[in-house]
Amino acid sequence: MFTLIQLPYALDKLEPIISAQTLSFHHGKHLQTYVDNLNRLIVGTDYEQMSLEDIVCKANGGIFNNAGQILNHNLYFTQFKEVSQNQESEIDNLAIGKAIIRDFGSYDNFKSEFEKAGTALFGSGWVWLAADKDGKLIITQETNAGNPLTKGLRPLLTMDVWEHAYYLDYQNRRAAHLQALWAIINWQEVSRRYTA
Ligand code: MN
(Lines give C-alpha, C1' and ligand atoms only; values in the text may rest on other atoms or scores of the structure.)
Protein backbone atom coordinates (compact mmCIF):
# COMPACT_ATOMS: atom_id res chain seq x y z
CA MET A 1 0.00 0.00 0.00
CA PHE A 2 1.25 3.47 -0.86
CA THR A 3 0.60 6.29 1.59
CA LEU A 4 0.28 10.07 1.33
CA ILE A 5 3.65 11.72 2.09
CA GLN A 6 3.79 14.24 4.92
CA LEU A 7 4.74 17.77 3.96
CA PRO A 8 8.08 18.90 5.47
CA TYR A 9 6.54 22.31 6.35
CA ALA A 10 3.22 23.68 7.67
CA LEU A 11 0.49 24.47 5.11
CA ASP A 12 0.91 28.26 5.44
CA LYS A 13 4.71 28.34 5.27
CA LEU A 14 5.00 28.68 1.50
CA GLU A 15 2.83 31.81 1.42
CA PRO A 16 2.60 34.09 -0.46
CA ILE A 17 4.17 31.99 -3.24
CA ILE A 18 1.77 29.06 -2.73
CA SER A 19 -1.26 29.71 -0.50
CA ALA A 20 -2.33 27.35 2.29
CA GLN A 21 -5.58 26.80 0.40
CA THR A 22 -3.79 25.66 -2.77
CA LEU A 23 -1.42 23.45 -0.79
CA SER A 24 -4.30 21.95 1.17
CA PHE A 25 -6.21 20.95 -1.98
CA HIS A 26 -3.10 19.96 -3.94
CA HIS A 27 -1.65 17.69 -1.24
CA GLY A 28 -4.74 16.64 0.71
CA LYS A 29 -7.15 16.14 -2.20
CA HIS A 30 -5.34 15.76 -5.54
CA LEU A 31 -2.38 13.72 -4.32
CA GLN A 32 -4.56 11.70 -1.92
CA THR A 33 -6.78 10.74 -4.86
CA TYR A 34 -3.79 9.47 -6.88
CA VAL A 35 -2.68 7.41 -3.85
CA ASP A 36 -6.16 5.93 -3.37
CA ASN A 37 -6.52 5.18 -7.10
CA LEU A 38 -3.15 3.44 -7.35
CA ASN A 39 -3.78 1.31 -4.26
CA ARG A 40 -7.11 0.22 -5.75
CA LEU A 41 -5.67 -0.50 -9.23
CA ILE A 42 -2.70 -2.64 -8.13
CA VAL A 43 -4.57 -5.08 -5.90
CA GLY A 44 -3.63 -8.62 -6.93
CA THR A 45 -0.98 -7.49 -9.48
CA ASP A 46 2.84 -7.72 -9.47
CA TYR A 47 2.90 -3.94 -8.95
CA GLU A 48 1.95 -4.43 -5.29
CA GLN A 49 5.58 -5.37 -4.57
CA MET A 50 7.26 -2.67 -6.67
CA SER A 51 8.62 0.78 -5.90
CA LEU A 52 6.95 3.80 -7.49
CA GLU A 53 10.00 4.23 -9.73
CA ASP A 54 9.72 0.65 -11.02
CA ILE A 55 5.99 1.01 -11.61
CA VAL A 56 6.54 4.23 -13.58
CA CYS A 57 9.13 2.50 -15.79
CA LYS A 58 7.04 -0.65 -16.39
CA ALA A 59 3.33 0.22 -16.27
CA ASN A 60 1.01 2.01 -18.65
CA GLY A 61 -2.57 3.28 -18.60
CA GLY A 62 -4.19 4.11 -15.27
CA ILE A 63 -1.49 2.45 -13.18
CA PHE A 64 1.23 4.50 -14.90
CA ASN A 65 -0.78 7.72 -14.61
CA ASN A 66 -1.50 7.40 -10.88
CA ALA A 67 1.97 6.07 -9.93
CA GLY A 68 3.58 8.82 -12.02
CA GLN A 69 1.51 11.51 -10.36
CA ILE A 70 2.44 10.19 -6.88
CA LEU A 71 6.16 10.07 -7.71
CA ASN A 72 6.05 13.52 -9.36
CA HIS A 73 4.21 15.13 -6.45
CA ASN A 74 6.48 13.47 -3.86
CA LEU A 75 9.50 15.03 -5.60
CA TYR A 76 7.66 18.35 -6.01
CA PHE A 77 6.45 18.80 -2.43
CA THR A 78 9.77 17.79 -0.85
CA GLN A 79 11.82 20.27 -2.93
CA PHE A 80 10.38 23.39 -1.21
CA LYS A 81 11.22 25.28 1.95
CA GLU A 82 9.74 28.39 3.45
CA VAL A 83 10.59 31.72 1.88
CA SER A 84 12.17 33.15 5.02
CA GLN A 85 14.69 30.29 5.13
CA ASN A 86 15.52 30.31 1.46
CA GLN A 87 18.90 31.60 0.33
CA GLU A 88 18.99 31.44 -3.45
CA SER A 89 22.63 32.57 -3.30
CA GLU A 90 23.61 29.35 -1.52
CA ILE A 91 23.30 27.58 -4.86
CA ASP A 92 26.78 28.87 -5.82
CA ASN A 93 28.38 26.62 -3.22
CA LEU A 94 26.45 23.46 -4.07
CA ALA A 95 27.28 20.74 -6.62
CA ILE A 96 24.02 21.47 -8.45
CA GLY A 97 24.95 25.16 -8.71
CA LYS A 98 28.31 24.38 -10.30
CA ALA A 99 26.63 21.96 -12.73
CA ILE A 100 24.04 24.60 -13.69
CA ILE A 101 26.79 27.12 -14.51
CA ARG A 102 28.65 24.44 -16.51
CA ASP A 103 25.62 23.33 -18.54
CA PHE A 104 23.55 26.54 -18.83
CA GLY A 105 26.18 29.30 -18.56
CA SER A 106 24.51 31.09 -15.65
CA TYR A 107 21.83 30.60 -13.01
CA ASP A 108 19.71 33.36 -14.62
CA ASN A 109 19.94 31.70 -18.04
CA PHE A 110 18.94 28.35 -16.53
CA LYS A 111 15.89 29.89 -14.81
CA SER A 112 14.85 31.60 -18.02
CA GLU A 113 15.16 28.37 -20.07
CA PHE A 114 13.25 26.42 -17.40
CA GLU A 115 10.41 28.97 -17.19
CA LYS A 116 10.19 29.07 -21.00
CA ALA A 117 9.86 25.26 -21.16
CA GLY A 118 7.16 25.30 -18.46
CA THR A 119 5.20 28.12 -20.05
CA ALA A 120 5.35 26.56 -23.53
CA LEU A 121 4.18 23.11 -22.42
CA PHE A 122 0.69 22.75 -23.91
CA GLY A 123 -1.98 21.49 -21.51
CA SER A 124 -1.20 19.62 -18.29
CA GLY A 125 2.21 18.28 -17.36
CA TRP A 126 5.54 18.91 -15.67
CA VAL A 127 8.77 20.68 -16.53
CA TRP A 128 11.89 18.99 -15.15
CA LEU A 129 15.55 19.48 -14.48
CA ALA A 130 17.09 16.03 -14.92
CA ALA A 131 20.56 14.52 -15.17
CA ASP A 132 21.80 11.98 -17.71
CA LYS A 133 24.12 9.07 -16.81
CA ASP A 134 27.17 11.36 -17.10
CA GLY A 135 25.67 14.01 -14.79
CA LYS A 136 24.88 16.43 -17.60
CA LEU A 137 21.83 18.55 -16.82
CA ILE A 138 18.84 18.61 -19.18
CA ILE A 139 15.48 20.41 -19.04
CA THR A 140 12.59 18.21 -20.20
CA GLN A 141 8.88 18.78 -20.75
CA GLU A 142 6.63 15.87 -19.80
CA THR A 143 2.91 15.80 -20.49
CA ASN A 144 0.28 14.56 -18.01
CA ALA A 145 1.98 12.21 -15.49
CA GLY A 146 5.31 11.99 -17.32
CA ASN A 147 8.65 11.70 -15.53
CA PRO A 148 12.14 11.81 -17.13
CA LEU A 149 12.90 8.42 -15.49
CA THR A 150 11.19 6.81 -18.48
CA LYS A 151 13.86 8.41 -20.73
CA GLY A 152 16.70 7.01 -18.60
CA LEU A 153 17.24 10.37 -16.85
CA ARG A 154 17.32 11.14 -13.12
CA PRO A 155 14.66 13.66 -11.98
CA LEU A 156 16.08 16.48 -9.80
CA LEU A 157 13.68 19.44 -9.75
CA THR A 158 10.20 19.93 -11.12
CA MET A 159 7.41 22.45 -11.55
CA ASP A 160 3.83 21.24 -11.85
CA VAL A 161 2.01 23.01 -14.67
CA TRP A 162 -1.37 21.34 -14.15
CA GLU A 163 -3.80 24.18 -13.43
CA HIS A 164 -4.64 22.71 -10.00
CA ALA A 165 -1.11 23.72 -8.90
CA TYR A 166 -1.68 27.45 -9.40
CA TYR A 167 -5.19 28.42 -10.47
CA LEU A 168 -6.52 29.54 -7.06
CA ASP A 169 -3.52 31.87 -6.56
CA TYR A 170 -2.51 32.93 -10.09
CA GLN A 171 -5.56 32.06 -12.26
CA ASN A 172 -4.31 31.81 -15.86
CA ARG A 173 -0.90 33.40 -15.16
CA ARG A 174 1.22 30.25 -15.34
CA ALA A 175 4.42 32.15 -16.22
CA ALA A 176 4.08 34.38 -13.13
CA HIS A 177 3.61 31.31 -10.95
CA LEU A 178 6.69 29.57 -12.34
CA GLN A 179 8.78 32.71 -11.89
CA ALA A 180 7.66 33.01 -8.26
CA LEU A 181 8.53 29.40 -7.33
CA TRP A 182 12.30 30.01 -7.33
CA ALA A 183 11.91 31.80 -3.98
CA ILE A 184 10.94 28.54 -2.25
CA ILE A 185 13.24 25.98 -3.92
CA ASN A 186 15.30 24.02 -1.39
CA TRP A 187 18.55 23.86 -3.35
CA GLN A 188 20.26 21.68 -0.75
CA GLU A 189 17.63 19.02 -1.41
CA VAL A 190 18.00 19.35 -5.20
CA SER A 191 21.78 19.10 -4.89
CA ARG A 192 21.43 16.02 -2.65
CA ARG A 193 19.36 14.36 -5.40
CA TYR A 194 22.04 15.29 -7.94
CA THR A 195 24.96 13.85 -5.99
CA ALA A 196 23.09 10.80 -4.64
MN1 MN B 1 -0.30 18.56 -9.12
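Predicted model: local features only at pLDDT ≥ 70, side-chain atom pairs only at ≥ 80, totals over all residues.
Helices and strands are here taken as DSSP runs, numbered from the N terminus. The pocket holds about 150 Å³ of space, and its lining consists of Glu 53, Leu 71, Leu 75, Leu 149, Arg 154, Pro 155, Leu 156, Arg 193 and Ala 196. Two elements, helix 3 (61-77) and strand 3 (154-160), each give two or more residues to this lining.

The metal site comes next. A manganese ion is coordinated by the NE2 atoms of His 26, His 73 and His 164 together with OD of Asp 160, at 2.0 to 2.1 Å. Along the sequence, these donor residues follow the spacing H-x46-H-x86-D-x3-H. Asp 160 counts as buried because its relative accessible area is 0%, below the 20% cut-off.

Attention now turns to the interior. In soluble globular proteins, nonpolar side chains tend to be buried together. The largest nonpolar core of this model comprises 60 residues, and those with the most contacts inside it are Ile 96, Phe 110, Leu 137 and Trp 187. Helix 3 gives the most to this core, with eight residues.

Helix 1 (residues 20-41) contains Gly 28. This glycine counts as partly exposed, because its relative accessibility is 31% and that class lies between 20% and 50%. Gly 28 and Leu 4 are 24 residues apart along the chain, and their C-alpha atoms are separated by 8.3 Å.

Most residues other than glycine have a negative phi, and most peptide bonds are trans. The peptide bond from Glu 15 to Pro 16, however, is cis, with omega near 5 degrees; Pro 16 lies in the segment before helix 1. Asn 144, in the loop between strand 2 (137-143) and strand 3, has a positive phi near 55 degrees. This asparagine is partly exposed, with a relative accessible area of 42%. Gln 171 also has a positive phi, of about 50 degrees, although it is not a glycine. Its place is the loop between helix 6 (167-170) and helix 7 (174-181), and Gln 171 is partly exposed at 34% relative accessible area.

Definitions and conventions. Residues numbered from 1 in each chain as written. Heavy atoms only, no water. 1 Å grid on protein atoms, 1.4 Å probe; cavity = no way out; pocket = protein on both sides within 12 Å on 5 of 7 lines; lining within 4 Å. Points joined across faces, edges and corners; volume = space filled by probe spheres on them. Helix = DSSP H or I, 4+ residues; strand = E, 2+ residues; numbered from the N terminus. Donors = N, O, S within 2.8 Å, 3.2 Å for Na, K, Ca; no water. Buried < 20%, exposed > 50% of the residue type's maximum accessible area, 1.4 Å probe, protein only. Core = buried A, V, L, I, M, F, W, Y, C linked by side-chain atoms within 4.5 Å.
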